[in-house]
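Me: Hi! Could you walk me through this one?
Reply: Happy to. Here it is.

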Amino acid sequence: MLFNEIVLRPRFQMELEEPCSQLVMKFSEVKKSQNRFVISCVDDHIFIKLPKREQHFWSPQLHLEITEKDENSCSLHGFFGPNPTVWTMFMFLHVAVGILFMVDLTWLYSNYNLGNTIGLQIGIAIFLVVVWILLYFAGAMGKKKGKPGMRELYDFMLKTIQS
């Protein structure tokens, strides 16, 4: 699988010809023998992140889920994602802007029907649309800035699997 495909699709899947327990064991052993990445293993889930000293606001992490197909093969599902705190903050901001926009439209509609001036409400609506567009571009910029980290995580995962 080419890396560019993964960047376009942050989710990927691999079929591996080895038992789940052996794959989990590889990551557990690598966790002890290296300090380049932070690895957390919880059951059949593996989380790989950059160390704190190298993380920035947009740093990605890689979540791997290992599913057993039969005794000697497994399926590896991977997902690149932002730090959960960053994701939660962006979702909160998007929802807050959306709710404020709906409240503003209700206020605008009420004032319009009452024959009052609506300049303030239109100004607020425009401001909220601009904020939403800025949030969108900030997220796109963050995704672009996180690509080198995604590459490092993916290469590390492949190296570990192939060892």
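**Helices and strands**

Reply: Helix H3 (residues 84-114) packs against helix H4 (residues 119-145) at an angle of about 160°, and their axes are 9 Å apart. That makes H3 roughly antiparallel to H4, a term for angles over 145 degrees. This is a predicted model, where local features need pLDDT of at least 70, side-chain atom pairs count only at pLDDT 80 or more, and totals for chains, interfaces and linings use all residues. Residues are numbered from 1 along each chain as its sequence is written, and side-chain values use heavy atoms, with hydrogens and water left out.

Me: Which hand does the crossing of H3 and H4 have?
Reply: The crossing of H3 and H4 is left-handed.

Me: And which residues in H3 meet H4?
Reply: Among them are Phe90, Leu93, Trp107 and Leu108 in H3, and the H4 side includes Ile124, Leu128, Trp132 and Leu135. Contact means heavy atoms within 4.5 Å. By class, the contact of H3 with H4 has 17 nonpolar, 4 polar and 1 charged residues.

Me: Switching to strands: what does E3 pair with?
Reply: Strand E3 (residues 45-49) runs antiparallel to strand E2 (residues 38-42), with 5 bridges joining them. Another 5 bridges join E3 to strand E4 (residues 60-70), also antiparallel. Pairing needs at least two DSSP bridges between two strands.

Me: Which residues of E3 are on the covered face?
Reply: Ile46 and Ile48 are, whereas His45, Phe47 and Lys49 make up the uncovered one.

How values were computed. Axes are lines fitted to C-alpha atoms, for helices over the stretch in contact, and angles run from 0 to 180 degrees between N-to-C directions. Helices (H or I, at least four residues) and strands (E, at least two) are DSSP runs, numbered from the N terminus. Angles under 35 degrees count as roughly parallel, over 145 as roughly antiparallel, 65 to 115 as roughly perpendicular and the rest as oblique. A crossing is left-handed if the near helix is turned anticlockwise from the far one by less than a right angle, and right-handed if clockwise. Ala, Val, Leu, Ile, Met, Phe, Trp, Tyr, Cys and Pro count as nonpolar, Asp, Glu, Lys and Arg as charged, and the others, Gly among them, as polar. Buried means under 20% relative accessible area, exposed over 50%, partly exposed in between (1.4 Å probe, protein chains only).
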